Amino acid sequence: MPLTADTARCRIAATDWDALAAELDVHGSALTAPLLTPAECRDLAALYEKPELFRTTVDMARHRFGSGEYRYFTHELPAPVAALRAALYPRLLPIARDWAARLGRPAPWPDSLSEWLERCRTAGQDRSAQILLRYTEGDWNALHRDVFGDLVFPLQVVVGLDEYGTDYTGGEFLMVEQRPRAQSRGTSTVLRQGHGLVFTTRERPVRTKRGWSAGAMRHGVSTVRSGRRHALGIVFHDAA
């Protein structure tokens, strides 16, 4: 059976969201409890072979984004993707608003995901940004930010769909923080099958002697050394 909205909310509730928020503050990324079963992961990865579900396919090497391929879903999202996106938004919203308050910025995100997406559409950001990614041996993803337009939600989620160490090796999720007047700091995370990794879209609040400042961050994927790696990217703003 497809993942239902109620099941998605129950699984997401199993995460310690206070602890996750604290880890996000420090690292800019944090793992959730399991969101999908192994069978659900396999079913989602298999959707890559159904091009009718996607609005476009991106060859990363062609665009010098790295090596590998990903596909953007149409707005007719598969039920598990839609359920996870809807259930994650209200959990991430308080963190987004807290970060905005620390940085002294507006927090334009309404309580409702549908209302926020309507604002995106009104602003000309009307293309789906939900991503299914596929990497094979030797593939990698360059450090980048998923901004897509003027309206940006500051957090997003990537869900591992294959088992690290069995289906593939390498391919760790990378984050690099550009520190002012200092060398950059990098972290790597193994994306566990079925777990989500919440991470900052472009920056995190950093405490300084003068108060809070925005620590610029980018994310990517290290080189896959063997096998095949699939991941689901859940973004909370649409693309221009």
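This is a predicted model: local features need pLDDT of at least 70, side-chain atom pairs count only at pLDDT 80 or more; totals for chains, interfaces and linings use all residues.

Tutor: Residues are numbered from 1 along each chain as its sequence is written, and side-chain values use heavy atoms, with hydrogens and water left out.

Student: How many helices and strands does the protein chain have?

Tutor: It has 5 helices and 14 strands. Helices (H or I, at least four residues) and strands (E, at least two) are DSSP runs, numbered from the N terminus.

Student: Why is the protein chain called as compact as a globular protein of its length?

Tutor: The radius of gyration is taken over C-alpha atoms, and the globule rule is 2.2 Å times the number of residues to the power 0.38. For 240 residues the rule gives 18 Å; the chain has 17 Å, which is close, so the label holds. The C-alpha trace spans about 50 × 40 × 35 Å along its principal axes.

Student: What share of the residues in the protein chain is buried?

Tutor: Buried residues make up 49% of the 240. Buried means under 20% relative accessible area, exposed over 50%, and partly exposed in between (1.4 Å probe, protein chains only).

Student: What about strand S5: how many of its residues are buried?

Tutor: In S5 (residues 131-136), 5 of 6 residues are buried. S5 pairs in the antiparallel sense with strand S4 (residues 69-73) over 4 bridges, and with strand S14 (residues 224-234) over 6 bridges. Arg 71 is bridged to Leu 132 in S5. Tyr 135 is bridged to Arg 229 in S14.

Student: How many aromatic pairs are there?

Tutor: Rings of Phe, Tyr and Trp (its six-membered ring) pair if their centres lie within 6.5 Å; planes under 30 degrees apart count as stacked, over 60 as edge-to-face and the rest as tilted. The count is 10.

Student: Why is the pair of Tyr 89 and Phe 153 called tilted?

Tutor: The ring centres are 5.3 Å apart and the planes stand at 40°, so the pair is tilted. Tyr 89 lies in helix H4 (residues 79-102) and Phe 153 in the loop between strand S6 (140-144) and strand S7 (155-160), so the pair ties together parts 64 residues apart in sequence. Both residues are buried.

Student: Why is the pair of Tyr 164 and Tyr 168 called edge-to-face?

Tutor: Their centres are 5.5 Å apart and their planes at 85°, so the pair is edge-to-face. Tyr 164 is partly exposed because its relative accessible area is 32%. Tyr 168, at 2%, counts as buried.

Student: Where does Arg 71 lie relative to Tyr 48?

Tutor: Arg 71 lies over the face of Tyr 48, at 4.7 Å from the ring centre. A charge sits over a ring if NZ of Lys or CZ of Arg is within 6 Å of the ring centre and within 35 degrees of the ring normal.

Terms used. Two strands pair if DSSP finds at least two bridges between them.
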